[in-house]
Amino acid sequence: MSFIGDALTILIKDLLLELRGRESLSLMLFLSLLILVIFNFAFNPDKDNVSSMAAGILWVIFAFSGILGMGRMSVAERDEDAYLSVIFSPVSAESFYLGKALGNLLFLMIMECFTLFFFAVLFDFEKIIGLLPQLLPALFLGTLGFALVGTLFSFLSTASRYGEILLPFLYLPVVVPVILGGVTSMDMILNGKSGEAGKWIQLLVVFDMLYLAISLLVFRYLIEE
Amino acid sequence: MNIIKLKGISKHYHAKTALKGIDMDIGAGACITVFGPNGAGKTTLLKIISGIMAPTEGKAFYNSRSYSESEIKKETFYLGHKTSLYNALTVMENMDFVCRLYSFKQREKSVESALKENGLWERRNDPVNDLSQGMKKRLALAKGFITDPKVVILDEPFTGLDIRWRSTILSKIKEIRRRGKSVIVSTHLVEEGCELADHVAFLRKGKLLFINKREEVDTKEIYRLFASMGEARS
Amino acid sequence: MKTDRTITILFFLLLVLIPLDFFLIFRVAPTEKVMGDVQRIFYLHVSLALGALLAFTGVFVSSIIFLWKKKIVWDSVASTCAGIGLLFSTLVLITGSMWARPIWNVWWTWDPRLLTVLILWFIYIGYFLLRGGIADKFKKAQYSAVIGIIGYVDIPLVRYATKWWNSIHPLLSQEGGGLDPVMKKVMLFSLATFAVLTIFLFLFRFRLAGIEERLEILKKKMED
């Protein structure tokens, strides 16, 4: 009970931090919009090919905005060594990790819904909004895996003197299975092959559980010096 | 009774040795000031005592149990060079967060009295970013003391403060001492450091030059040591 | 020193094994009917992959031992293994590319196995990037152990995901396939040779790291 309660304390603090500092989610949303515009120039998608490109474009945006946001969230902890007050408290490292991961998950989901909406508007692709109920489970599971690994790695990379710059280099290769799962399942659903997406969703569940287990096991080693 | 015991502690960084064979006993309720020039290893030593940094060699004990099995971190308040505050949050929110971490009942009351005691009550709704350096330090101390730690470790608590703030912080530390906490302070301010302590230690190039009772140490000797290293302080 | 003797013995053993291996590959093994002589790269390619896998397993195991025992020597073991793994996986990618060019007429193919090696390569590059960014030995060891563990656990996930992903794209290569008995023997010999080479490189590099460490300590003593 207090394990979850402690995680929620951390989560609430992160929400408050975003509300006051506007350093993570707001930047993510802004970057998403920017990349959307650039993709428009790069691919100039039209009605015929947009659905085949959508999943790829969206996941590239999710990945890079996500990395930016999660990096910022960790910097907020490392700045002024604020996380030390958690480390010296009775709250366990695992609760701390879980709270941070939940915060990242929440911000990522908000950013993704925002991006989906603007994708639909800017690329004239209303279909994606209609398919949202079908898309959500896969999107959620993909994002969950993304946040679980991302929380761990953003904390890891900000410990080095390169800081958050290192995050994509360490994180992207490791999270490839999740990105593959996320992008493929979304692509299938958007192109009327929802049936086949099922097995990818199962795979994502397995990945998420594995990543959660291993992150909980190793996170405490990242807060010792 | 010793609350903390260090045995043969060494710490190596990539190409340099920060600490070499440190042995130290810290009694319950004792106050130790660690003097030393910059780069002598004071910060490393304090981090190791606090339990957030593992030594390369040697062992540390808290209440005669090795650190990994002890509650050292939970009963320690460590304040390093940085404030451990969330700059974007307000004074109140920072305090409230800590109280939640410790699952305190009656959070509002204890936060209110802690802030009033430290003259921060009027600034309670200001973000930490807007506070002066001295205010931040005071908030950081107030935030640490509200958790009622048994061991207090302060790394250079006077750095970057003017004389007025120095004396405020100094009296604050003395007050904690009276409450029976074990206090370990690092500084190179000889006057302030000696005023606080019942034990004085001197660190040079990662080695403990001496650790003696305050009465047995001549202040001039410490000045002389600093001066011999070209770092005279007043 | 016992290690020194093992290193010497392995060195002379390899002096025989490697030329013999090459002789077997180029002279004894029959020429493959469809692919021709190019197929001979295959022996090296697979053996290197085995060496890389061995090395990364070494990283994984010693990372776990480090987090458990907190002895810095296990970090040296892990990083030595990671270096060898990185070298071998680079060679796997190069030989893979050399093979792909004449056989499939492309320099690179998104074959799930090659893709897995590439992702691994990225992960262990990251491993060394992180190590370069942390000065504190213990912290460096601790953090890279975390990558060493996660990176390794990730291998089957990447392998699985890329295989599934590949199954919806046209497949260029088939897995397995029957090998001629002589080919099989040459293959086994080559695998064994490279396993010995991996162990030799590890011991050699590890010994060197030990000497470097001692030199550093001596230097420090002289400074004092």
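**Entry 1: a helix pair in chain A**

I looked up how helix 7 (residues 132–157) of chain A lies against helix 10 (residues 194–218) of chain A, and found that their axes come within 9 Å and cross at roughly 25°. I take axes as lines fitted to C-alpha atoms, for helices over the stretch in contact, with angles from 0 to 180 degrees between N-to-C directions. Helix 7 of chain A is therefore roughly parallel to helix 10 of chain A, a term for angles under 35 degrees. I noted that the residues of this contact (C-beta atoms, placed from the backbone, within 7 Å) include A:Leu141 and A:Leu148 of helix 7 of chain A and A:Trp200 and A:Leu204 of helix 10 of chain A.

This is a predicted model, in which local features need pLDDT of at least 70 and side-chain atom pairs count only at pLDDT 80 or more, while totals for chains, interfaces and linings use all residues. Residues are numbered from 1 along each chain as its sequence is written, and chains are lettered from A and ligands numbered from 1 in the order in which they are written.

**Entry 2: the sheet in chain B**

I then traced an open sheet of 6 strands in chain B, in the order 6-7-8-3-9-10 with mixed pairing; strands pair if DSSP finds at least two bridges between them, and helices (H or I, at least four residues) and strands (E, at least two) are DSSP runs numbered from the N terminus. Strand 6 (76–79) and strand 10 (207–213) of chain B each have a single partner strand, so one side of each lacks a neighbour in the sheet. I found strand 6 of chain B joined by 4 bridges to the parallel strand 7 (residues 151–155) of chain B, with B:Phe77 opposite B:Val152.

Conventions. Angles under 35 degrees count as roughly parallel, over 145 as roughly antiparallel, 65 to 115 as roughly perpendicular and the rest as oblique. Two residues are in contact if their C-beta atoms, placed from the backbone, lie within 7 Å.
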